[in-house]
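Biologist: Could you take me closely through one residue and its surroundings, and then on to the way the two chains meet? Please give the cut-off behind each term as you go.

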Number of protein chains: 2
Amino acid sequence: MADTDFHAQLAHYSALVRPVMLDAVPTSGASRYLYEPVRDFLGQHGKGLRPALCIATCKAFGGDEKAALPTAAALELLHNALLVHDDIEDESLERRGQPTLHEKYGVPIALNIGDAMNALVLRVLMRNLPGLGPSLSWKIVEEFNHLLLESLEGQALELGWIRDNAYDVNEGDYLTMILKKTCWYSFIHPCRLGALIAGQQHLERFHPFAFLAGAAFQIQDDVLNLNSRAGGYGKESCGDLWEGKRTLILARAFERMSSAERGRFQRVLAKPRSGRLARDVDWMRSVLDQNGSIRYAQQVAAELARRARDEFDQAYASAQEGPDKRFLRQFADFMVERTT
Amino acid sequence: MADTDFHAQLAHYSALVRPVMLDAVPTSGASRYLYEPVRDFLGQHGKGLRPALCIATCKAFGGDEKAALPTAAALELLHNALLVHDDIEDESLERRGQPTLHEKYGVPIALNIGDAMNALVLRVLMRNLPGLGPSLSWKIVEEFNHLLLESLEGQALELGWIRDNAYDVNEGDYLTMILKKTCWYSFIHPCRLGALIAGQQHLERFHPFAFLAGAAFQIQDDVLNLNSRAGGYGKESCGDLWEGKRTLILARAFERMSSAERGRFQRVLAKPRSGRLARDVDWMRSVLDQNGSIRYAQQVAAELARRARDEFDQAYASAQEGPDKRFLRQFADFMVERTT
């Protein structure tokens, strides 16, 4: 059970990383339509899960907190860069309770802002050189290159399914997609990187724990997307249905709905986002609820989190007891208990 | 005067780089909507000016051709990545005589493809490590980080002027913008990088030559955009006017047009691209022609190319005579003589 200590610890890691991240943003150079919006966006901070995983793992294996900060800050910055482009790709309206950057500035400027945030990731990683030396600093860049390409490959799968209006996406396809889109960059590599900086080898030991926790996180995210009213969650309600995303919930529902329902789903999802009506989205939401698909996804997320907890003990067997390991142990629970 | 040797040499450099670039593209992983389009796009190759500058400079200073190839390939790959996002930002319809990627696949998938090409740049640069060692490899990454941020800052300036429907952009503003948007990544850094790999110091010696050649190139590009009929140039005719771009031609024309003409320009450019009519664009084109602004830009480009030739002798004073230096000497002429 994640407790108040968990949230205090998460806020602590986040506070360590924020100045390192903001310090990489130039103060001049096309500021009005570039670096000022970058600062604003980074200021509406998210939960900071990725840097927390990285720092906590580093410290739990006896590594130095300071040594992990540039890498942790780069993870958070990359996450923000991906969000800006994701929001354009998904035509999302809200992010962290604010209009998305492309709603504020238009697609061209928002796209360019995302590119700049992505470029600043490398700028932060270059800060590793004096402290970690060239060999370890290069290894970290290689880890980033892998996590980014995996994420873009996962995004290509998801966007391809929407473009093809695919109806044959099954649970296995969905898990492959979220492994690529979410788990590598948000969970697996943050653990790997923290351990790497602490001088650990055999980094693949973190994969089962981090994949399971990440999958639980993403499925819970899909559930929250449908179950939250506007405001609390920071994104528009039922955004995934507006966007036609192929989630575990939708895959499950497709197997269980009547052929009449399936036909109406296909007609609604064949339209572009702007052609869908609020009453279509409300109706889809009610079908997913009534045939038990949302509840099913919640159960899957809970089961994945339980298995992640079991894997935790393996992955972190040689880590020191203390606040960092305690935080990491509570991590899997937080994946499914969170409401935002 | 650029001769047939120049074009043969350009094709030679390009052929060296292409396999290195394509070798970095994975063969699996969301291929249909990611790496297959990347391969297709890279297959419709451009002129290859950036890798040519890099390799020729490296060799002219006694460096090894092979040592420059990953860096040269990374420059060409980054250029392609920027084109994909630029085309989305500009709502361009054609590139290299084909529909742009967002016309083929939609904005979401094209945006993601551009992100992947950008990520692959680092993958190519990681190939430098065995040959060049960690210290020089890091320096090259730092050069790339600078050239990319400059380009994104220049893009932010240009997009901001369009968004603000700005009419006070003067010749100096335009030159600052193209220094950032084009010259650093396309001319200055390719020379710097080639010399760096050849073991040279004092890399700022290339800045005057490369800035002047780059500015001549960009202004000639603006002229070709207005003077070419569809087909020959590979982009739609008068695309810059459809997109509302603030070019030297437009800045000059604004100073010289009647207040009635200025009023109509402002009304037309205040509309979104989709609201402009072909007859508005034709009319704008004819005003720019008749008040001598296109001719003026051609004269400026020729003068910048002449000054670039003068600066060449300074920058490359200690370089060895031979086919590479001969190629570089002809470079400035090619900037203004080219028709595509």
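Modeller: Asp221(A) has its place in helix H9 (residues 207-227) of chain A, a helix being a DSSP run of H or I of at least four residues, numbered from the N terminus. This is a predicted model, in which local features need pLDDT of at least 70 and side-chain atom pairs count only at pLDDT 80 or more, while totals for chains, interfaces and linings use all residues. Residues are numbered from 1 along each chain as its sequence is written, and chains are lettered from A and ligands numbered from 1 in the order in which they are written.

Asp221(A) is partly exposed, because 18 other C-beta atoms lie within 10 Å; a residue is buried with 20 or more such atoms, exposed with 12 or fewer, and partly exposed in between, the C-beta atoms being placed from the backbone. Although 80 residues separate Asp221(A) from Ala301(A) in sequence, the two are 9.7 Å apart in space, C-alpha to C-alpha.

In chain B, Ala301(B) is among the contacts of Ala216(B), which, leaving aside neighbours within four places in sequence, also include Leu304(B), Ala308(B) and Met335(B); contact here asks that the C-beta atoms, placed from the backbone, lie within 7 Å. Ala216(B), together with Ala213(B), Ala213(A) and Ala216(A), touches the most other members of the largest nonpolar core, which has 229 residues, such a core being a set of buried Ala, Val, Leu, Ile, Met, Phe, Trp, Tyr and Cys residues joined through C-beta atoms within 7 Å.

As for the meeting of the chains, 37 residues from chain A and 37 residues from chain B take part in the contact. On the side of chain B that touches chain A, helices H4 (65-90), H6 (107-125) and H7 (128-163) of chain B each give two or more residues, and H7(B) gives the most, with 17 residues.

Note on methods:
Two residues are in contact if their C-beta atoms, placed from the backbone, lie within 7 Å.
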